[in-house]
Amino acid sequence: MSTRSSGGKRTPEYQAWRHMKDRCYNSNYYLYANYGGRGIIVCERWRNSFDNFLADMGPRPSELHSLNRKDNDWIYTAVNCEWATSEQQNQNRQPFKNNSTGLTGVTWLKHQRIYRARADRNGKTYELYSGSDFFEACCARKSFEAKSKGLNGGWDPVTRTETVL
């Protein structure tokens, strides 16, 4: 039994499913270039069945959650998707087009001749690294991401130290 509408309105889950398909298959959709234009598709199980999508994803946990792909370079499928907050999704994004390093959160400041690693969390921007070593900048950013995802060890932005467990 699908829950496409509730009191005549489309449910948030149904809207997420429709927008997912638009991003991947509607070349007139404003975000198509970032999804379908990059070869991102929807798995067969979900493509033509909202019921399958809902069975796999379950209801959205809160109004703050939306559909997120864990690996941005892979397809929409049950093992790659989750309901996530905008803060969680901001940690999982492609580098900006003007990012010359290719790693989200690590930039080369040409005029200062340094690499800078930054991250946003809880509305704050954390300076993770600033210096001439690209590898250290990358490690600082990746360590912060691991810590943010609850993995053992990583960067603590409050004490600005690395923890190793």
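Axes here are lines fitted to C-alpha atoms, for helices over the stretch in contact, and angles between N-to-C directions run from 0 to 180 degrees. Helices (H or I, at least four residues) and strands (E, at least two) are DSSP runs numbered from the N terminus. The model is predicted, with local features requiring pLDDT of at least 70 and side-chain atom pairs pLDDT 80 or more, while totals for chains, interfaces and linings use all residues. Residues are numbered from 1 along each chain as its sequence is written, and side-chain values use heavy atoms, without hydrogens and water.

The axes of helix H1 (residues 12–25) and helix H3 (residues 50–57) come within 10 Å and cross at roughly 115°. In contact (heavy atoms within 4.5 Å), Glu13, Tyr14, Trp17 and Met20 of H1 meet Phe50, Phe53 and Leu54 of H3.

Aromatic pairs (ring centres of Phe, Tyr and the six-membered ring of Trp within 6.5 Å; planes under 30 degrees apart stacked, over 60 edge-to-face, the rest tilted) number 10 in the whole structure. Trp108 and Tyr115 form a tilted pair, because their ring centres are 4.6 Å apart and their planes lie at 50°. Tyr115 also forms a tilted pair with Phe134, at 5.1 Å between centres and 55° between planes. Tyr115 belongs to strand E6 (residues 114–121) and Phe134 to helix H5 (residues 134–148), so this pair ties together parts 19 residues apart in sequence. Elsewhere, ring pairs link Tyr14, Trp17, Trp46, Phe50, Phe53 and Trp83 into a cluster.
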